[in-house]
Amino acid sequence: MATKIRLQRGGRKSYAFYSIVIADVRAPRDGKFTEKIGTYNPNTNPATVDLNFERALYWVETGAQPTDTVRNILKGEGVYLMKHLRGGVKKGAFDEATAEKKFDAWKQAKTNATEAAEKKAAEEKKAAAAKNLEEEKKVKEAIAKKVAEKKAQAAQAAAEESAPTEEQAAE
């Protein structure tokens, strides 16, 4: 039986949510599957992936062919790197401990890069908010200045009108 690792759609209209499943090649997208190994939510930023790493690695090593999207997800989670490292262990290129060190180093680098990107995005958001606040303050100052000018003109006009009436009353 040829197996595929694919996405099975769920969620409501215009809000897709996917399960990562192992299914027969002949099964339809949302049909019968052998095993559910995780979930993928593309609606969050960044997309959320919850994956049973060991089962995904098992199925990749046994020859299950992933779809393009699932392959990218598995690469991002490190399943293909671990498969590659285990292949090196089997060939005798290095031992299991070295493979684990390499994988942990990759995972740490990926985590650091993700945190740096999130930090940068947060800083950019903060800077944009500060810029918008400054622009809003300038607009409010301009409006306040115009209102003050109008009030001064109205007061001056009222003073001019009241001054002649006082002169007429004096006569």
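How far apart do the C-alpha centres of domain 1 and domain 2 lie? They lie 36 Å apart. Domain 1 covers 3-94 and domain 2 covers 96-157, with the bounds coming from an automatic or database domain assignment.

Quick housekeeping, everyone. This is a predicted model, where local features need pLDDT of at least 70 and side-chain atom pairs count only at pLDDT 80 or more, while totals for chains, interfaces and linings use all residues. Residues are numbered from 1 along each chain as its sequence is written, and side-chain values use heavy atoms, with hydrogens and water left out.

Domain 1 puts 10 residues into the contact and domain 2 puts in nine residues; contact here means heavy atoms within 4.5 Å. Together they bury about 880 Å², and carbon and sulfur atoms give 69% of that. Buried area is the accessible area (1.4 Å probe) that two parts lose on being put together, summed over both. On the domain 1 side, look for Met82, Leu85 and Phe94: they supply 42% of the area that domain 1 buries against domain 2, more than any other three residues.

What about salt bridges, meaning a side-chain nitrogen of Lys or Arg within 4 Å of a carboxyl oxygen of Asp or Glu? The count between the two domains is zero.

Now, which elements give two or more residues to the domain 1 side? Those are α2 (68-77) and α3 (79-91), and α3 gives the most, with four residues. Helices here are DSSP runs (H or I, at least four residues), numbered from the N terminus.
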